[in-house]
Structures are given as C-alpha cells and as structure tokens.
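Student: Could you walk me through reading a structure, one feature at a time? I would like the general idea before each case.

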Amino acid sequence: MDPVLGIERIQSAYFRRFPDYPRGITVPAIVDIASGTVVTNNFPQITLDFATEWTRFHRAGAPDLYPEHLRTEIDAVNRRVFTEVNNGVYRCGFAGSQEAYNSAYSRLWTALDWLEERLTGQRYLVGDTITEADVRLFTTLARFDAVYHGHFKCNRQKLAELPALWGYAIFSRLPVSATPSILSRSSSTITSSTRTSIPPGWCRRAPIRPAGWSLMAGKRWAAGHSATALPRDRCVPARKSPPATERPPAKKALSNRLG
C-alpha cells in the first residue's frame, strides 16, 4: 500500500483518470495527490520538467542537468541513446526473427562503440559536468552486465570490458558498481517477465575475447589456440517447436520495456 496515495498499484491512478484506459500501465508517472489521478507518463518530458520547471524545489548546489547552452547537443545525444541503446537492448531481446535480432545487435553495438569512442576523450557525454544525457544512459548501463548481456544476448562484450564506458560508469557519479540490490532486483524482475526473448535454436552472437582466453569460461586456452580463430556466431542446437495449441501460455511481459 502506497503510504501517500493509499493505493496498492499504479494502475488505480490510471483508471481513476481514465476508467477504460486501453494502453499499458507504465512508469514513471506523476500522480496528483489531491485527485489520485495520473497527470502524465510522458517519461522524456518528466525529467526535463524537473530540470527546468521545478528548480525552486532543487537542493542547494544541485547540478543543472539541462543547461540552456548545451540543450541542442544534449537532445541529439539523447535521441541516439534512446533509439539505439535504451531501446536497442530490448530490440535484441524481443526480436521476432533471426534477421531482426542480427540487425538489432548490429545497431546496438554500433552505438555502444560510438559511446566508447566519445567517452575516450571526455568524462561526460556532453560538456564537462553531468547532464540529462548521462542520466538517461545510466538506466541501461546499470543493468547491462547483469541482465542485457546474457538474458537479451547483447553479448559481444560486457560493459566491464569496455574501458571508457566502464570508467565513465564507475567514476562519473553514475553508481553502476554501487547498486547490487538494484541490479539483483532488475535481473530477477526482467528475467522472470521476459521468458520468451530469443527463442532456443537461434544463432546468437558470440562474445569477442582477447586471443588466448576461453569464450565460455574465461580460462586460458591450451597452447596454440586463439579466440580469433573461432567463429563469430555461435548456435545452440535447434529444437522443434510444439504446435501452438500444445505450448504453455507465456507469462505476460511487462508493458514498459524501455530499460
């Protein structure tokens, strides 16, 4: 039971505003305490409003996450991060075909390589202090190694194997390594609600490791073996799918898949 709103689920606030609300119940959402109704769930605008319209509620010394002179660049970075990274991991995890998965995988890693290169020469995504762009990227970085790398097969590399992105996540006041309870809850929640992602039998992209290291266990290969000689793609044995009438009902996935 929410101690302020007096409701058990956010859907109550949606239905109080729209009794026949036909779309997914998503978070974040702002709820008006007096009426108990949802005001907005426009997540990109919510944080911008907090940064620009609610400044009188900011604590003393709070950073300006959306400085006016950097807004054009922040908006451009946010667009790419949202479409290619925040949504990109879900595009991989919920791809409807092998071809769609391959395309999504390529798009995601093109964007992550771009971020790695961008952050090699600067500490923050835009400017010399933390901004809205860094906050939005954090939501995906915080779950990448724990969830997206394995469960959604975004597995070319782990975040910990990308020097600039890993250093950025650790040292730029984005507490990726300091949130084990958040990562644990994210992992258990996402994996339990997305059992149908990447069907068995599809060819998955194998992680790339330095020569001399095992792709599977991280152990030294025997002398004379090199990871560069292994195929880039790895396929699990295909399994014949049962007829639709024989399949157990899939657990309904969370409606909000935005990372």
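Student: Which residues are buried in H2?

Tutor: Ile46, Leu48 and Ala51 are buried in H2. Buried means under 20% relative accessible area, exposed means over 50%, and partly exposed is in between (1.4 Å probe, protein chains only). Helices (H or I, at least four residues) and strands (E, at least two) are DSSP runs, numbered from the N terminus. A word on the model: it is predicted, so local features need pLDDT of at least 70 and side-chain atom pairs count only at pLDDT 80 or more, while totals for chains, interfaces and linings use all residues. Residues are numbered from 1 along each chain as its sequence is written, and side-chain values use heavy atoms, with hydrogens and water left out.

Student: What covers the buried residues of H2?

Tutor: The cover includes strand S1 (30-32), strand S2 (37-40) and H6.

Student: How many helices and strands are there in the protein chain?

Tutor: The protein chain has eight helices and four strands. Along the sequence their pattern reads α-β-β-α-α-α-α-α-α-α-β-β. Of the 259 residues in the protein chain, 36% count as buried.

Student: How do I read a nonpolar core, and how many residues has the largest one here?

Tutor: A nonpolar core is a set of buried Ala, Val, Leu, Ile, Met, Phe, Trp, Tyr and Cys residues joined through side-chain atoms within 4.5 Å. The largest one here has 37 residues, and Leu125, Leu137 and Leu165 have the most contacts inside it. At least two residues of this core come from each of helix H2 (43-52), helix H3 (71-86), helix H4 (88-93), helix H5 (98-120), helix H6 (132-148) and helix H7 (163-171). H5 gives the largest share, nine residues. There is also a second, separate core of six residues, including Ala13, Tyr14, Tyr21 and Val31.

Student: Which residues does Leu125 touch?

Tutor: Contact means heavy atoms within 4.5 Å. Not counting residues up to four places away in sequence, Leu125 touches Val77, Leu115, Arg118, Leu119, Ala133, Asp134, Leu137 and Tyr168. For the protein chain, take contacts between residues at least 6 apart in sequence: 62% of them join residues at least 24 apart.

Student: On to aromatic rings. How many aromatic pairs does a search of the whole structure find?

Tutor: Rings of Phe, Tyr and Trp (its six-membered ring) pair if their centres lie within 6.5 Å; planes under 30 degrees apart count as stacked, over 60 as edge-to-face and the rest as tilted. The whole structure has 12 aromatic pairs. One of them, Tyr14 with Tyr21, is tilted, at 5.1 Å centre to centre and 45 degrees between the planes. Tyr14 counts as buried because its relative accessibility is 2%, and Tyr21, at 18%, is buried too. Elsewhere, ring pairs link Tyr90, Phe94, Tyr148 and Phe152 into a cluster.

Student: How many salt bridges are there, and what is the rule?

Tutor: A salt bridge is a side-chain nitrogen of Lys or Arg within 4 Å of a carboxyl oxygen of Asp or Glu. By this rule there are five. In one of them, the side chains of Arg118 and Glu73 meet at 2.8 Å, N to O. That pair links distant parts of the chain, with Arg118 in helix H5 and Glu73 in helix H3, 45 residues apart. Glu73 is partly exposed, at 37% relative accessibility.

Student: Glu132 and Arg136 also meet in a salt bridge. Why are they separated by about one helical turn?

Tutor: Because they are four residues apart in helix H6. Glu132 is buried at 2% relative accessibility, whereas Arg136 is partly exposed at 21%.

Student: Which residues does Asn78 touch?

Tutor: Asn78 touches Glu132, Ala133 and Arg136, not counting residues up to four places away in sequence. Asn78 sits in helix H3 and is buried, with a relative accessible area of 8%.
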